[in-house]
Amino acid sequence: MQDPRDISRRAIHENKLQLSSRELWHYYGFSIIFLLSALGFLAFMIFSDMSDGIDVIFSASLFLIAVVVFVIKKLIKERMLKFRSIETNMTPDQQCSYLRWVIEEKLKWEITEINEYLIIARTPESAGNPMGETVTIVFDSGRILLNSIGDLKHYRYHSITAFGWNRHNLNILTEYIGDTQDRD
């Protein structure tokens, strides 16, 4: 388990959610396997006695398409790891206590980890959202960093379609944080 201070420091410095090796594999695994399968198919066609020049050109074309798809998926997934930064006049202690109240009482999300540096919560599964998401909140002086990605602990349905739910989670939290700014 990573030290929460290290997680929050790296998140603040890099403005990106830090994943463990296992989480990285599950986050990018399908894309990597897709790319390696295309490479294997290309190698088979090149070194196979049954193939002619057209088969190799066709295989090379498929491999190039796989590379382009891999790069596009990687760029989209990288973008989803970035934090949304919200300026606030609350101290980190106030941020933590307020957001804990919002998550537990208002949103009814499950808090899986909480300390003075961050909160990690899991949204509930529902008919419209069968996956649930992991929401990470990092406290910094003068700002709050928010991220929501598909739940990496339940490696079932990782999909780019969860992006709508992730954005929805971030918008809800941003709205609650904005409400505190309006009162001050």
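## Confidence

Within the chain, confidence is lowest in helix H1 (residues 4-14), at a mean of 78, and highest in H4, at 93; the score is pLDDT, the predictor's confidence in each residue, from 0 to 100. Helices (H or I, at least four residues) and strands (E, at least two) are DSSP runs, numbered from the N terminus. The chain has a mean pLDDT of 82, with 84% of its residues at 70 or more. Where pLDDT is low, the predicted coordinates should not be read in detail.

This is a predicted model, in which local features need pLDDT of at least 70 and side-chain atom pairs count only at pLDDT 80 or more, while totals for chains, interfaces and linings use all residues. Residues are numbered from 1 along each chain as its sequence is written, and side-chain values use heavy atoms, with hydrogens and water left out.

## The sheet

An open sheet is formed by 5 strands in the order E1-E5-E4-E3-E2, with antiparallel pairing; two strands pair if DSSP finds at least two bridges between them. Strand E1 (84-87) and strand E2 (110-114) are at the edges with a single partner strand each, so one side of each has no neighbour in the sheet. From one strand to the next, the twist averages 20°.

E1 pairs with strand E5 (residues 143-150) in the antiparallel sense over 4 bridges. Arg-84 stands opposite Leu-146 in E5.

## Helix H4

Helix H4 (residues 92-107) lies across E2, strand E3 (118-122), strand E4 (133-140) and E5, and runs at about 160° to E4. Axes are lines fitted to C-alpha atoms, for helices over the stretch in contact (heavy atoms within 4.5 Å), and angles run from 0 to 180 degrees between N-to-C directions.

The buried residues of H4 include Gln-95, Tyr-98, Leu-99, Val-102 and Ile-103; buried means under 20% relative accessible area (1.4 Å probe, protein chains only). After H4 comes Lys-108, with a positive phi near 60°.

Asn-147 lies in strand E5 and counts as buried, at 1% relative accessibility. The Asn-147 side chain reaches the backbone oxygen of Leu-81 at 3.1 Å. Leaving out residues up to four places away in sequence, Asn-147 touches Leu-17, Met-80, Leu-81, Lys-82, Phe-83, Thr-134, Val-135, Thr-136 and Leu-170.

Met-80, one of these contacts, is found in helix H3 (residues 53-80). Met-80 is buried, with a relative accessible area of 11%. Met-80 and Ser-148 are 68 residues apart in sequence and 7.9 Å apart in space, C-alpha to C-alpha.

Key: Buried < 20%, exposed > 50% of the residue type's maximum accessible area, 1.4 Å probe, protein only. Polar contact = N/O pair within 3.5 Å; in protein donor to acceptor, adjacent residues only side chain to side chain.
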